[in-house]
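Student: I would like to go through this protein chain with the structure on screen. Could we take it one question at a time?

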Amino acid sequence: MKSIIDVLEGKNKLIMMHRSADPDALGSAYVISRIFGGDIDITGGINRTARKMLEMFDIKGVENPDFRNYDEIIVLDAASPHQIHAIPPEISLVIDHHLDAGEWEIAEHRLIDERAISCTQIIGKLLKRLEIEVDERSALAVLIGMYTDSRGLSMGNPDFMREFADMMEIARTNIGTLRDFLQTGNNNSVKTAIMKGLQRLKFRAQGEIIIAWTHVSMFESAMANAMVCAGADIAFVGSEKNGEIRIIGRASDRVLEKGFHLGRFFSSLGYEIDGEGGGHDGAAGFGTVGDVENILMICVTRAMAEIK
Ligand SMILES: [Mn+2]
């Protein structure tokens with residue numbers, strides 16, 4: 001059996017990420033392709049923040065690749081096969097930091113560390129272990145993944161911070177530069193969507209814990225982040241597109257300390273109502289069909305029961 005390094009150094013590699021790839025996913029893919037080579041599959045789309053990286057790092061992805069043309073397929077930053085745009089017949093390696101749903105048994109190698117805050121963090125650590133030198137550009141991509149997935153360093157542990165500091169040294173950058181990168185300069189349409197969402201916001205208090213919910217037509221994540229900034233401990237934001245319902249959730253550190261895990265919350269919700277969900281402890285999502293208000297109420301009721 002091939003080892004992880006054999007896979008990474010293999011010829012003809014395709015690198016896949018979760019749909020609507022975020023900076024952590026794209027940063028991970030960039031580092032792997034820069035150091036070991038390989039095509040980055042962008043068929044599943046790139047989110048707004050990560051799109052800036054395409055230009056910044058001059059990333060040229062491929063769309064609708066024929067899996068048969070590749071010897072190795074590597075999947076990065078995806079919690080389960082459902083999160084990538086298509087499931088290839090064979091997967092050589094998965095590197096991820098989400099709650100392991102046990103669905104990656106189909107991959108030959110798995111490097112899954114649920115304690116890692118970002119996928120680029122795992123990759124940085126792996127390169128160190130393999131004694132592979134990280135160049136300035138790659139270090140910057142690692143940092144962007146770590147900075148965004150930690151929500152601008154609002155979470156972190158000594159391991160994370162040490163890795164972060166090492167990468168900062170190599171990238172010769174500072175926090176200000178990273179913050180500027182993330183200032184998507186919340187443009188007018190984002191701000192308007194957030195204001196409308198706030199007008200529709202409802203909340204309930206359970207002791208000191210506040211659960212808030214609303215719905216928007218776009219920018220769900222920005223909305224949910226704004227709600228947590230405003231004091232919500234658990235925020236649910238619903239949206240509907242072509243009959244499909246998406247719920248984005250965010251949780252404050254305060255409920256996380258009480259043992260609440262949003263990723264687990266959404267994946268178990270999938271057993272109760274038909275749908276698919278998962279993610280991190282503090283940021284996760286759920287997809288289903290039906291009435292958005294109804295689904296939000298189910299989320300709220302269940303969350304209230306769980307924190308009781
Ligand atoms: Mn990630």
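Student: How far apart do the C-alpha centres of domain 1 and domain 2 lie?

Tutor: The model is a predicted one. Its domain assignment gives domain 1 as 4–182 and domain 2 as 190–307. Between the C-alpha centres of these two domains the separation is 26 Å.

Student: How many residues does each domain put into the contact, and which classes are found on the side of domain 1?

Tutor: Domain 1 supplies six residues to the contact and domain 2 supplies seven. On the side of domain 1 that touches domain 2 there are no charged residues; the classes are three nonpolar and three polar.

Student: Is helix 2 roughly parallel or roughly antiparallel to helix 3?

Tutor: Two packed helices are described by the angle between their axes and the distance between the axes. For helix 2 (residues 23–36) and helix 3 (residues 48–56), the axes are 8 Å apart and the angle is about 25 degrees. Angles under 35 degrees count as roughly parallel. Helix 2 is therefore, relative to helix 3, roughly parallel.

Student: Which residues of helix 3 meet helix 2?

Tutor: The contact divides into four nonpolar, two polar and no charged residues. Helix 2 brings Pro23, Leu26 and Gly27, and on the helix 3 side they meet Thr49, Ala50 and Met53.

Student: Which element gives the most residues to the largest nonpolar core?

Tutor: This core has 50 residues, and Leu26, Ala29, Val75, Leu76 and Leu143 touch the most other members. Elements giving two or more residues include strand 1 (13–17), strand 3 (72–76), strand 4 (91–96) and helix 4 (119–129). With eight residues, the element that gives the most is helix 5.

Student: What does Leu76 touch, leaving out residues up to four places away in sequence?

Tutor: Leu76 is one of the core residues that touch the most other members. Beyond four places in sequence, Leu76 touches Ile15, Met17, Ala25, Ser28, Ala29, Ile32, Ile95 and Cys119.

Student: Is Gly156 buried or partly exposed?

Tutor: Gly156 sits in the loop between helix 5 (136–149) and helix 6 (158–171). Leaving aside neighbours within four places in sequence, Gly156 is in contact with Ile117, Ser150 and Met161. A residue needs 20 or more other C-beta atoms within 10 Å to count as buried, and 12 or fewer to count as exposed. Gly156 has 14 within 10 Å, so Gly156 is partly exposed.

Conventions:
Residues numbered from 1 in each chain as written. Predicted model: local features only at pLDDT ≥ 70, side-chain atom pairs only at ≥ 80, totals over all residues. Domains from an automatic or database assignment. Contact = placed C-beta atoms within 7 Å. Nonpolar A, V, L, I, M, F, W, Y, C, P; charged D, E, K, R; others polar. Helix = DSSP H or I, 4+ residues; strand = E, 2+ residues; numbered from the N terminus. Axes fitted to C-alpha atoms, helices over the stretch in contact; angles between N-to-C directions. Parallel < 35°, antiparallel > 145°, perpendicular 65-115°, else oblique. Core = buried A, V, L, I, M, F, W, Y, C linked by C-beta atoms within 7 Å.
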